[in-house]
Amino acid sequence: MPTTTEPKIISGNANRSLANSVARRMSMHRGVNVGLVDARVERFNDQEIFVEVFENVRGEDMFIVQPTSNPANDNLMELLIISDALRRSSAARITAVIPYFGYARQDRRTKARTPISAKLVANLIANSGIERVLTMDLHAAQIQGFFDLPVDNLYASPIFALDIKTHFGDLDDVMVISPDVGGVARARELANRIGCPFAIVDKRREKAGEVAEMRVIGDITGKKCIIVDDICDTAGTLCKAAEVLIGAGATEVHSYITHGVLSGPAVERVENSVMKSLVITDSIEPTEAVKNAKNIRIVPTAPMFAQAILNIWNGTSVSSLFDTETLGPIYEGLYHID
């Protein structure tokens, strides 16, 4: 619903640098200063979260930028409490911009007597006063159906396609790799965007987090392989997949992962792996270890999120950002645009 006021951005502590980047991009598009709403989000001594908004937000179209990444519970509670503060301050509409949606991997019951935590989180968000959700690369597309409110799920593949075309040049010897059977649709979509074939690494797990066996489905001999996935957590499976690909005849292995969770020994594993590069987005605030890693590179999502926020505020199409023709000009100057 278009409004006569400017969209207003407020941020929790999860990824303030991304929120600032989004605000700067929106300022460029609007020709007026779009800064973060002045607020404090802090903790009492017992770790209770307290929020105070110092600006008038009555009747405003508010956008909360807050990924629910590690620490997931703290960042989720910040999001809910910020929303409650805005709702009680008479904000006209509250949109949650959640670049990384935590708990998304718990989207179904895999065993008896287990929760569907993604649905529980969706209920909490809806009941906090949030009226719309903007996110990126949900782990499972059906999570959109867990919400009884509009959900816009952006995709990183158009950004990755621009990055690949810029950094790889000739794509004749490039092949996109899905790290498992469940990621085939994601790999096929990126392969179609850059005009390359794709293959699959089929894996068998003995138990969660441990891979017993891997094999490549497809001929990758002499190819530069690009593994594409939505989440990289401990990087164990990713590094093992890279070894399997090199063993099957690949000349190079690169990875493009939307959400760089990179917990535990992940960064060390990536640095010591056969992968030439791991490319992630800034949907999760990168640690100093990630920033300093020699073979990890971060691509920005702020241009896409800024345009998506403006489209929501204007009441125009968000799905238009799925097209390279639309997204390309937004990233002009960062990538080579054909």
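Biologist: Welcome to the model! Is C196 buried or exposed?

Modeller: Before the answer, please note that this is a predicted model in which local features need pLDDT of at least 70 and side-chain atom pairs count only at pLDDT 80 or more, while totals for chains, interfaces and linings use all residues. Residues are numbered from 1 along each chain as its sequence is written, and side-chain values use heavy atoms, with hydrogens and water left out. Buried means under 20% relative accessible area, exposed means over 50%, and partly exposed is in between (1.4 Å probe, protein chains only). The relative accessible area of C196 is 8%, so C196 is buried.

Biologist: How many disulfides does a search of the whole structure find?

Modeller: A disulfide is a pair of cysteine sulfur atoms within 2.5 Å. For C196, the closest cysteine sulfur is in C225, 11 Å away, so a bond is ruled out as too far. The sulfur of C239 is 7.0 Å from the closest one, in C232, and that is again too far for a bond. Over the whole structure, the number of disulfides found is zero.

Biologist: What is the order of the strands in the open sheet?

Modeller: Helices (H or I, at least four residues) and strands (E, at least two) are DSSP runs, numbered from the N terminus, and two strands pair if DSSP finds at least two bridges between them. The open sheet has five strands with parallel pairing. Its edge strands are β1 (8-11) and β7, each pairing on one side only. The order is β1-β4-β5-β6-β7.

Biologist: Which residue of β7 is the bridge partner of T135?

Modeller: Strand β6 (residues 132-136) pairs with β7 in the parallel sense over four bridges. L134 has D152 in β7 as its bridge partner. For T135, the bridge partner in β7 is N153.

Biologist: Which residues of β7 point the other way from V151 and N153?

Modeller: In a regular strand the side chains alternate between the two faces of the sheet. Strand β7 covers residues 151-154, and its residues are all buried. V151 and N153 point one way, and pointing the other way are D152 and L154.

Biologist: Which residues is N75 in contact with, leaving aside its neighbours within four places in sequence?

Modeller: N75 sits in helix α2 (residues 72-88). With a relative accessibility of 4%, N75 counts as buried. Contact means heavy atoms within 4.5 Å, and the residues that N75 is in contact with are A14, Q66, P67, T68, S69 and N70.

Biologist: What is omega for the peptide bond from N70 to P71?

Modeller: Most residues other than glycine have a negative phi, and most peptide bonds are trans. P71 is in the loop between β4 (61-65) and α2. The bond from N70 to P71 is cis, with omega near -5°.

Biologist: What is the phi of Q47?

Modeller: Q47 is placed in the loop between β2 (39-43) and β3 (49-53). Its relative accessible area is 52%, so Q47 is exposed. Q47 is a residue other than glycine with a positive phi, near 75°.

Biologist: Which residue joins its side chain to that of S157 in a polar contact of 2.6 Å?

Modeller: S157 lies in helix α4 (residues 157-168) and is buried, with a relative accessible area of 11%. A polar contact is a pair of N or O atoms within 3.5 Å; within protein, one must be able to donate a hydrogen and the other to accept it, and residues adjacent in sequence count only if both atoms are side-chain atoms. Leaving aside neighbours within four places in sequence, S157 is in contact with E189, L190 and R193. The partner in the 2.6 Å polar contact is E189.

Biologist: With which residue does the side chain of S317 make a polar contact?

Modeller: S317 belongs to the loop between α9 (302-314) and α10 (324-330). At a relative accessible area of 37%, S317 is partly exposed. Its side chain makes a polar contact, at 3.1 Å, with the side chain of S319.
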